[in-house]
Amino acid sequence: MYSIKLGCGHMHCGENAVRTLADLPAQRKRAYIVMSGTIQQDLGQLKMVTDVLEGAGFTWKGYTDVEPEPSFQTVLRGAEDMAAFEPDWVIGFGGGSAMDAAKAMWVFYENPEYRELEDVMPPNEIKNLREKARLCCIPTSAGTGSEATRAALIKDTVKKKKYSIRCMRGRLVPDVAVLDPIFTTTMPRSLTAASGMDALTHAIESYVTPIANPYSDAMAMASFRYGFQNLAECYEHGDNLDARAKMLAASCMGGIAFSNCALGIVHSIAHTFGAEYGVPHGLANAIVLPYGLKFNAADPGTKARYDELAALVGERDLREAVLALRRRINVPDAMCEVVKDEADFRAKLDALVEKAFADVCTPFTPRKPTPGEMRALILEVYYGRQAD
């Protein structure tokens, strides 16, 4: 187990990192634990966390009513419940949904005058944070990197659109992150694959965005290398704690990378299918990634950057390497295997194109698509081939 300091936060990584929760500095010692469903409780993982907290004198309360794609309505309900409990630590425990929900609930707990999603959307700056509580994140999957990012992805179920609550000053980055691989060993293979491909997508897209910089490059390169070299092992031998720990590191570093240079068109399209059809974010990225690579590689400068990443892991062609990895971990070839109502897809195609084009990630993709190119790309993602 090792600990590092990054900015104003601390990360505790490796086997038995959960024990560091005993050292959380607090006066009232009240912890509010946000989870997505009861899976952490059912697996006995919640008890591993609460045993440490109780041993350190904490009183705690759990909140489990978070959907796989957390909604704004859920955030408001959680913030109200949080206000009644009055914690001085908010803990996001689970995958990206639990951690993002915890972040968003924390924002509204600290600022009870906020009642609308627009109140916390850029360019508005979040007024208060850390006046009532601090934030800790404990990932149980290796993909989103939310334990190291300055944003929370929330779904508007009315508009069927995803929004990124963010603080450009970095104050949404958790105070403490606990990366203990024991919590990831129980992930089903499908989730290991999807979340791992999410981490790889973060690494790849952040490496080719026009605002990439030497610091984001360093994180992106390390993230890609650790992720590419360990994902299949995690998928095939889920109890390998060393591989799981390295995959957690890849996910975390990917989160740091894109927090400092943005993402691109793969995320734009993945966000759109996630918002409209509820496709889990990691799975959506896993499906879209090779199509986005093909589109962007038409730009020579981007293709050169892709070649640099491929060389890091001893491959010649990044897209071919990604396709081979996807086959090994059984990722669907095309979105039609997940979104099976073709007629509904065709009826909503224009709206999907509009949403993807307007997504917050699209301006940062290295090759800017026209509306017609976005339409063609979404069709190719859906059918697995070029289509009219």
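Lys160, Lys161, Lys162, His271, Thr272, Ala275, Lys355 and Asp359 line the largest cavity. A cavity is a set of points on a 1 Å grid over the protein atoms alone where a 1.4 Å probe fits but cannot get out, and lining residues have an atom within 4 Å of a point. This is a predicted model, in which local features need pLDDT of at least 70 and side-chain atom pairs count only at pLDDT 80 or more, while totals for chains, interfaces and linings use all residues. Residues are numbered from 1 along each chain as its sequence is written, and side-chain values use heavy atoms, with hydrogens and water left out.

**The largest cavity**

- Its volume is about 70 Å³. A volume here is the space filled by probe spheres set on the points, with grid points joined across faces, edges and corners.
- The count comes to 3 cavities of 30 Å³ or more.
- Strand S8 (161–166) and helix H8 (265–277) are the elements that give two or more residues to the lining of the largest cavity. Helices (H or I, at least four residues) and strands (E, at least two) are DSSP runs, numbered from the N terminus.
- H8 gives the most to this lining, with 3 residues.
- By class, the lining has 1 nonpolar, 2 polar and 5 charged residues. Ala, Val, Leu, Ile, Met, Phe, Trp, Tyr, Cys and Pro count as nonpolar, Asp, Glu, Lys and Arg as charged, and the others, Gly among them, as polar.

**Serine 268 in helix H8**

- Serine 268 is found in helix H8.
- Serine 268 counts as buried because its relative accessible area is 0%. Buried means under 20% relative accessible area, exposed over 50%, and partly exposed in between (1.4 Å probe, protein chains only).
- The side chains of serine 268 and threonine 362 are joined by a polar contact of 2.8 Å. A polar contact is a pair of N or O atoms within 3.5 Å; within protein, one must be able to donate a hydrogen and the other to accept it, and residues adjacent in sequence count only if both atoms are side-chain atoms.
- Leaving aside neighbours within four places in sequence, serine 268 is in contact with Ala356, Asp359, Cys361 and Thr362. Contact means heavy atoms within 4.5 Å.
- Asp359 also lines the largest cavity.

**Strand pairs**

- Strand S7 (residues 151–156) and S8 run antiparallel, joined by 6 bridges. Two strands pair if DSSP finds at least two bridges between them.
- Alanine 152 has isoleucine 165 in S8 as its bridge partner.
- S7 and S8 form a hairpin with 4 residues between them. Lysine 160 in the turn has a positive phi of about 50°.
- S5 and S6 pair in the parallel sense, over 6 bridges. Isoleucine 91 stands opposite cysteine 136 in S6.
- Strand S6 (residues 134–139) is mostly covered, with 5 of its 6 residues buried.

**Glutamate 69**

- Glutamate 69 sits in the loop between strand S4 (59–63) and H3.
- Its relative accessible area is 16%, so glutamate 69 is buried.
- The side chain of glutamate 69 reaches the backbone nitrogen of histidine 281 at 3.3 Å.
- Not counting residues up to four places away in sequence, glutamate 69 touches Ser97, Lys155, Lys162, Val279, Pro280 and His281. Lys162 is one of the residues that line the largest cavity.

**The loop between H3 and S5**

- Glutamate 86 lies in the loop between helix H3 (72–85) and strand S5 (89–94). Its phi is near 60°, a positive value in a residue other than glycine.
- Glutamate 86 counts as partly exposed because its relative accessibility is 46%.
- Proline 87 is found in that loop too. Proline 87 is buried, with a relative accessible area of 0%.
- The C-alpha atoms of proline 87 and tyrosine 32 are separated by 5.8 Å, although the two are 55 residues apart along the chain.
- Among the residues that proline 87 touches, not counting those up to four places away in sequence, are Tyr32, Met82, Tyr109 and Lys132.

- Lysine 5 belongs to strand S1 (residues 2–6). Lysine 5 is exposed, with a relative accessible area of 54%.
- Asparagine 16 is in the loop between strand S2 (9–13) and strand S3 (30–34). Its phi is near 70°, a positive value in a residue other than glycine.

Conventions: 1 Å grid on protein atoms, 1.4 Å probe; cavity = no way out; pocket = protein on both sides within 12 Å on 5 of 7 lines; lining within 4 Å.
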